[in-house]
Amino acid sequence: MKSQSPSKTCYPMRTRVMIPLRRARSSWVAAEVMGKGRSFNLNGDMDMEDRGSDAEDDAARPAWNSKLQYILAQVGFSVGLGNVWRFPYLCQKNGGGAYLVPYLILLIVIGIPLFFLELSVGQRIRRGSIGVWNYISPRLGGIGFASCVVCFFVALYYNVIIGWSLFYFSQSFQQPLPWHECPLVKNKTTMFVVAECEKSSATTYYWYREALNISDSISESGGLNWRMTICLLAAWSMVCLAMIKGIQSSGKVMYFSSLFPYVVLICFLVRALLLKGSMDGIRHMFTPKLEIMLEAKVWREAATQVFFALGLGFGGVIAFSSYNKRDNNCHFDAVLVSFINFFTSVLATLVVFAVLGFKANIMNTKCVALNTKKIIALLGNEVSHDLIPHHINFSATVSAEDYQQMTEIIRGVTEKDYPHLGLDSCSIEEELNKAVQGTGLAFIAFTEAMTHFPASPFWSVMFFLMLVNLGLGSMFGTIEGIITPLVDTFKVRKEFLTVGVCLLAFFIGLLFVQRSGNYWVAMFDDYSATLPLLIVVILENVAVAWVYGTDKFFEDLKDMLGFTPFRFYYYMWKYVTPLLLILLLGSSVIQLGMTPPSYSAWIEDLASEKSLSYPPWGLAVCISLVVMAIMPVPVVFFLRYFNIIDENAGVVSTISYKKGRIIKESARPEEDDDASLIHAKSPGSEAPSPMPGNSIYRKQNGGVPDAAPNGRYGIGYLMADMPDMPESDL
C-alpha cells in the first residue's frame, strides 16, 4: 500500500503512540498500530520481540483459552511415563530418600533455569523452535530442526508404548485377569503348564509371549504382530484427532489427560496403604543411604532425569509457550510446573513402592511356605528335629519370623553344608531390592501385584488408562514440537500437516510392532534422544547467554514480565548451567564408550533375558540415529557461514532486518525532539509488524485484544490516542 496524504484519504484506523516521558529514555520508541507494534533503538538494532513473523499470522495465531489450560498442557507434557517407571527405580537404586537431595539441587541449578529460558524465548518471539533459534542467530537455526528430528524419533517409539498400554487396557475387562496364572496345555492324556511360563512367571510370560510374541533377537523380525499393529493405529488416531486443530482441540483434551493420572495415583495410594506390607515398601524406599550420595554416578543420573523429566530441548515447551500472552509471568510458570513435576514423581514413587511392598509380602509368604516344605522333607536326614524351636507348629502356617529363626539355627549348625540344602533366605528386603524399571515395572511387576488386589480388573483398567493418559499428554507436546515450527516456517495448513505426520509416523512405526519390535524400542530409547538433546540444550543455552547476550535477554525479560528476574538466573545461564551440561555430555559420551551397545533379549528356550550385542548393521543404525538427529546444526551453520543461504533471507517465516537500516529515513534536522522519531519510516511500513504487541488470551470469537499490559509498556510511557492517520506517517 503506497502512502497517501491524510488530507486526501480517510483511514478508518485508530493509532496509539507511546512516547517516553523522560528524555533519558528517548533511545526507544514504540509505535502500535491497531494492536500490532514494533520497537527499535536508534542504532537500528531490534530487541528480541521484533524478530517475530508477520502480524497477520500473529493475529490469526491460536491462543490458550485460559491460564489453567496452558499450565495443564505444560504439566501434561513434562509429566510422563518416566515419572512413574523411571524415577522410582532411580530413587531405589541411588540411596532411597537420599537421592531426593541431589535431584532437588540439580532441579534448581539446571532444570528450572533452562525451563524458564525455553518458556521465555517461546513466549517472547511467539514461534516454534525453528523460528525462535533462527531469529536469535541464523547460523544456529539448525537447533530448531534438530529438535524436530529428535521429537519425530521419540514420537515413533513413544506411541508404541501407548499402544502396549491400550492392549493391556483392552484385556483388563476380564475376571480373572488373563495374566493371573500360567496357561495350561492339554495333550491326549494329561494337562500341563506351558514350560516357558513355568520357568518364569505368569505376568512375564503374558508380556513376552502373549502381548509381544517376541523373537529371540533383533535380527529375527518375525513379521508383524497384528494385535499390536491395531493398537498402534488406534494410538496414532487418538493423537491425530486430538492435535488436528492444534491447541484448540488438544487444549480441551488436556483437562482430562493431565488431571486423570493424579486421580488414579491418589486412589492407588489410598488402596495400597490399606494392604499388608505396603509400609515395608515405603520404608525401604525412603530409608536414606547417605554414603551413596558421594558417588558421581548418582549425580549424573539425577541430572539426566531432571533434564528429561522437564522435556527440555524437544521444542514442545517452546511451542506451547508461543501460544501464550506476552505479559504472562513465565517465571512463575517455570517454577510451578517444575515442582509439580517433582511432587508427581514423589507421589508415583510412594504408589509404586507401596504396591511393590504388598507384592513382596505375598512373594515372601509363598517363599516361606515352599521352603518350609523343604525343611519338613529334610527332617531326620540332613536336619535334626532338635534344631526346630518347640513353638513352631508345621501343621499351621509358619510366619516369616519363625522361618528366619529356623534357618539361622540350621545355618549355624550345618555351616558349610547349608548351601547344599537349597533353602532360600525369603527376605522382604531382598524381594524389594530386585529393582525394576520401564516396561518391566509397568507390564510385569505392577500387573502381578494387581492380580492380588480385590477387584483386580477395576484397578487394572484404571492403571493402564492412567498410562495411556500420561503418554498422550507427553505425545501432544512432542507432536506440537514438530507441527508448530513447520507450520510457522513453511506456512502449510496445520490440519494437513498433522495428518501427514501421523500417517508417516504410523507406517514407520510398523518397525516397532514386529515380533522384534521391543528391541527397536530399546534402541531408539537409548540412542535417538540422549546425546542429541544434550547437545541441543547446550546450544540453546549458548545462543541466548553468549550469542544474543544475557544482559540483553534480561532487558527483554524485564520488558516482558514487568520486573527483573533474580540475578541467580544471570549466573546460571551464563556460567553454571553450560558448564554442568558440558560435564553431563562428557560423562554420557564416556559411559557410552565404556559400555558396548547391547540389548536385553528374551530367549524362549531359557525363559529368561540375556544381554546380546547388536549386529554390525544394528551398530550402524545406532550411530545413524545420533548423527541424523544432530546433523541439522552443523549443516545450517555452514550454509549460513559460507553464504550459501543468505543469513538475511532465512526461511519463509523469517523477517530480515539489517543492522542500521530499521529506520529508513533519518529524523528531520529541525526536529530536535523525542517526537521526531515518530515520523521515521521503516522499510517494512507496508508490511505487518513482526510481533503482536499485547495479545491476551484470545476469545474464540476473535474479540478485540485488550490494552497493553503494564508489564510491557505501562511503566514510564505516556499513552496517547492519536487521530486517524496513515500508517506511513509513523
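**Annotated binding site, selected helices and disulfides**

For "binding site", an unreviewed UniProt entry lists Gly76, Val79, Asn83, Asn341, Leu470 and Ser474. These positions span 399 residues in sequence, yet no two of their C-alpha atoms are more than 12.6 Å apart, so they gather at one spot. UniProt positions are given in the numbering used here, feature names are shortened, and annotations may be inferred rather than shown by experiment. The structure is a predicted model, in which local features need pLDDT of at least 70 and side-chain atom pairs count only at pLDDT 80 or more, while totals for chains, interfaces and linings use all residues. Residues are numbered from 1 along each chain as its sequence is written, and side-chain values use heavy atoms, with hydrogens and water left out.

Two of the listed positions were examined individually. Asn341 lies in helix α15 (residues 330-378); helices (H or I, at least four residues) and strands (E, at least two) are DSSP runs, numbered from the N terminus. Asn341 is buried, with a relative accessible area of 1%, where buried means under 20%, exposed over 50% and partly exposed in between (1.4 Å probe, protein chains only). Not counting residues up to four places away in sequence, Asn341 touches Ser78, Val79, Asn83, Tyr103, Ala309 and Leu310, contact being defined as heavy atoms within 4.5 Å. Leu470 belongs to helix α19 and is also buried, at 5% relative accessibility. Beyond its neighbours within four places in sequence, Leu470 is in contact with Gly76, Val79, Gly80, Leu81, Val84, Tyr158 and Pro261.

Helix α2 (residues 67-78) has twelve residues and reaches 17 Å from its first C-alpha to its last, close to the 16 Å expected at 1.5 Å a residue. The expected span is 1.5 Å times one less than the number of residues. Ten of the twelve residues of α2 are buried, so this helix is largely enclosed by the rest of the structure. Among them are Tyr70, Ile71, Leu72, Gly76 and Phe77.

Leu510 is found in the loop between α20 and α21 (517-527). Leu510 and Asn225 are 285 residues apart in sequence and 9.3 Å apart in space, C-alpha to C-alpha. Contacts of Leu510, not counting residues up to four places away in sequence, are made with Leu224, Thr229 and Leu232.

Two disulfides were counted, a disulfide being a pair of cysteine sulfur atoms within 2.5 Å. One joins Cys182 to Cys197, with an S to S distance of 1.9 Å. This pair links distant parts of the chain, 15 residues apart: Cys182 in the loop between α7 and β4 (184-186), and Cys197 in helix α8 (residues 195-199). Cys182 is partly exposed at 21% relative accessible area, whereas Cys197 is buried at 1%. Another disulfide joins Cys367 to Cys426 (S to S 1.9 Å). Here Cys367 is in helix α15 and Cys426 in the loop between α16 (400-414) and α17 (428-432), 59 residues apart. The torsion about the S-S bond of Cys367 and Cys426 is about -75°, so the disulfide is left-handed. Cys367 is buried at 17% relative accessibility, and Cys426 is buried at 5%.
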